[in-house]
Amino acid sequence: MVQLNVGETILQARNVLKTFGTKGNAHHVLKGIDLRVTRNEFVGIMGPSGSGKTTLLNVLATIDHTTDGTVLIDGADISKLRNTALSAFRRNKLGFIFQDYNLLDTLTVKENILLPISLSKMSKRKAESEFTAIADVLEIKALSHKYPHEISGGQKQRTAAGRALIHQPSIVFADEPTGALDSKSASSLLGVMEKVNQQRGVTVVMVTHDPVASSYCSRVVFLRDGKIYSELYRGDKTRHAFFNEILDVQAVLGGDHVDSF
Amino acid sequence: MLTVFELALRSMRQNVKHYYLYFFALIFSMSLYFVFTSLQHDQAVQNMTHPSVDFSTGFQIAGVMLIVIVGIFTVSANGIFLRRRSREIGLYQLIGLTKGWVARYLMIENILLGLGALFAAIIFGALISRLFVLILLNLLGLEGIVDISFSVPAAFKTLMVYLLIIVITSIQMMLKVYRSTLLNLFQADKRPDLTRPPKAMTSSIFALLGLALIGYGYELSGHINERLFLNSLLVLGSIVAGTYLLFRVTIRWCFYRFRKRKDGHLGLTNSLSMAPLMHHMKANANSLTLITVLSVMAITLISMAYSFYYSVEQETRRDLPYDFMFENEPQEALSFKVELEKEGIDVNHHVAQAVLTMGIILDPNDESRKIEESLLWLPAEQLKQTGADLNVPPDGETILYNAGASLAGDLDEQSKRYPTRIKLEQHGQTVMYTLRTLKERNIMNLNAPGKQMLVSEATMDKIAEQMAGTHGYKKIRFDTFQVPDKEELAIASSLYNAKYVSDERLTYDFYTQYKEVLQTTGLLIFIAAFLGLVFLISTGSILYFKQMTEAEQEKQSFKTLRQLGFDVNMIMKGIIRKQAIVFLLPLSIGMLHSIFAIKAASFMIRSDTTLPASIAMTIYTVIYLVFALFTIGYYRNIVKNAMS
């Protein structure tokens, strides 16, 4: 069951702590997380509400600062980066997919996807071929000139995925990407993400509460109470077998519904 | 359990930061209305001014214009507020409150806000009316202190304006609540106005039509005074329609072409400027047209008023080159001189001997025109001694001086009649003289008889010899006085007015005339400046509100962009470009319109309006750009805090 985690390290988190609030009323959300993600991995982060999975993602994705501990992405210590450097880092190295798409309503699908490279020195021809390649994989080429309000949720999320991939980031962070989608759109999106992960070698870290979604991952990390509770590697297992394993861990862990009373 | 009333109060407290500029603009214009109506009803200042200055009509017209602008302003601002609160209005209905309840709730809030503005305006107005009177007196060139008491009729009229505003905005609110569906309310800011590509043919036709209409308006404004009323209406109509088409079709068409050519590679800056502008193009077209038209009115009004005020002395000098003039009254002139000297006033006294005859100025373009009129032949050599700036014409030639020429029609058109000939008839014989050209000023005071013809002394003597004894022939002695010192001139003027003015003949002295015109134009600039300020604040505020609302709608976009790794300065670059378009487009088009409007209206002023108009435009631009800076500041705040 345990697979050796070899390969080049993309993300390395050491003893990450995150505390909200002031001294007297401090709320410890992350209580020392150690996590290593290697190139080409598709990591799922699961856990009941309040376990700190979204906080962990925000901290790893440089959207939030750690209280203590270090996070290295591509060898750079992101907790040492400030404002402009941090923005540039996010722009060049990271990709994001949000639960509610966060597309710009005023831009077309193509304009939205090309946005991250708008400030890079990439030539228009290169950008165009890059766009074509990604749009083909995501099956949204035909929607290029449509506006977000004209397309479905699944199409919006695939557009968002395109936006997260266009600049060839070192790592893509996805926060509940299927949260707002129906099951058909969700599995179609996950299939595409799996394909991108395998074909283009994109590293993905995805937070989800949905066992179906995490069954597409190569590894699933379970959080509980601000700590890593356990990990599952998919290995050569079928998606269905992996799904059952995930369910087993979740039963022990206590699912969302158990947690939310 | 909250009552509607309590909810309205609570919502007002929450919305107060969005309302404060609206509140300020409303208070400012309403207190100005209060001050204007107070002045209209006040006798104290009126009694100090020259009776010919129509004080109360001036303020009455200004009051009406204020009501109009306050109306436009509140309707626009209210429309923007309602649009931004669409979701809230929808939510109340979603939780089961009736449309009637929602309308009532909005109206209570509106009435309370308005009441606050009303009381603030009256109190503020009463407090600042004294300051306004001081400014007014200063502009009118009057001295002294006037106490202005609280005017009950003005307060009452202000109350009526308030009620009018409440009625209009309440109707607007009811329409919004009753006429929009829940879906509309929830998607008010999601759905773009115009994303479909404009149809190539119709678009280009309308785009060109917009430009053509503006061009036609400009062309027509060049000869507006031919049929003043009709042409003014035509110019106004074509310019407004053209401007609307320009914003609605032409600019959109250009944007669309540009965006299409980019084929998705829009870039961050354009994504944050052009894209949101196109997203709201329909609403933007309306407000930009409104703002442009209001700006044109304000700029033209201020520029013209300032040009009038600025050129009073110059204009009066054109009519009255001499401070005092006596016509065939040597005794009076002498006694006036003695009196002045007794007062220790420095005075330059000169005598000019002129000749008045009848004659016909021929029109080379119209042979049938043979009107006999009085011609006053003035000797250049003698006038030169008074210090007048003129050249002695060659013998047998003359120059016509007429300060009022441009009032009779287009000067360029008139100058085509010159050079021409003058026919003098003496006892059956005719003599011809050459009329070289026309100059737009007087060389003798306005009240001298006949058309003022400048000739050499020798020519005048010859005419006197030839015409002596004919019908209308007269020798005139002019005694002219110049008082170089301004303060002495004021004393001299009062001496003149005390003794040498009679009802039987026209008498003008420079100083009295100057003061009178100064008071009329001073009143004009006072009214125009404050009206212009209200126009400016209203248009600036409308733009500010609109941008504020858009900034809030775009908050999520900014957050997303920040998360994607665009820093504040990169995003601000796009926002600044958007603000540059939003503010500079109406300003520059408005400026261009105003330049033509001022040119068209400048037939009323003989002096050059370039300098005063440029000063007025510069001040307008500076204040206007302050609003742009405010807006950019507001955006920066939102972008900066987007991540938290």
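**View 1. The annotated span of chain A.** UniProt, in an unreviewed entry, lists residues 11-250 of chain A for the feature "domain: ABC transporter". In this predicted model, the chain over residues 11-250 of chain A is 36% helix and 26% strand, and the C-alpha atoms at the ends of that span are 25 Å apart. The model as a whole carries an ipTM of 0.88 and a pTM of 0.81.

**View 2. An open sheet in chain A.** The sheet is built from 4 strands of chain A, which follow one another in the order β2-β1-β4-β5 with antiparallel pairing. Strands β2 (27-38) and β5 (76-77) of chain A stand at the edges, and because each has a single partner strand, one side of each is left without a neighbour in the sheet.

**View 3. The pairing of β4 with β5 in chain A.** Strand β4 of chain A, which covers residues 68-73, is joined to β5(A) by 2 bridges, and the two run antiparallel. Within this part of the sheet, A:L72 is the residue that stands opposite A:D77 of β5(A).

**View 4. The two assigned domains of chain B.** The domain assignment divides out domain 1 (1-189) and domain 2 (324-482) of chain B, and the centres of these two domains, taken over C-alpha atoms, are separated by 58 Å.

**View 5. The annotated segments of chain B.** According to an unreviewed UniProt entry, the feature "domain: ABC3 transporter permease C-terminal" is placed at residues 61-179 and 530-635 of chain B. Residues 61-179 of chain B are 87% helix and 0% strand, with the end C-alpha atoms 36 Å apart. For residues 530-635 of chain B, the figures are 89% helix and 0% strand, and the end C-alpha atoms lie 29 Å apart.

**View 6. The contact between chains A and B.** Chain B gives 22 residues to this contact and chain A gives 27 residues. On the side of chain B that touches chain A, the elements giving two or more residues are α10 (268-279) and α19 (555-564) of chain B. Sorted by class, that side of chain B has 8 nonpolar, 11 polar and 3 charged residues.

**View 7. Confidence along chain B.** The mean pLDDT of chain B is 86, and 97% of its residues score at least 70. Among the elements of chain B, helix α15 (residues 411-415) has the lowest mean pLDDT, at 75, whereas helix α20 (residues 568-601) has the highest, at 92. Where pLDDT is low, predicted coordinates should not be read in detail.

Conventions
Residues are numbered from 1 along each chain as its sequence is written. Chains are lettered from A and ligands numbered from 1 in the order in which they are written. This is a predicted model: local features need pLDDT of at least 70, side-chain atom pairs count only at pLDDT 80 or more; totals for chains, interfaces and linings use all residues. Two strands pair if DSSP finds at least two bridges between them. Domain bounds come from an automatic or database domain assignment. pLDDT is the predictor's confidence in each residue, from 0 to 100. UniProt positions are given in the numbering used here, feature names are shortened, and annotations may be inferred rather than shown by experiment. Two residues are in contact if their C-beta atoms, placed from the backbone, lie within 7 Å. Ala, Val, Leu, Ile, Met, Phe, Trp, Tyr, Cys and Pro count as nonpolar, Asp, Glu, Lys and Arg as charged, and the others, Gly among them, as polar.
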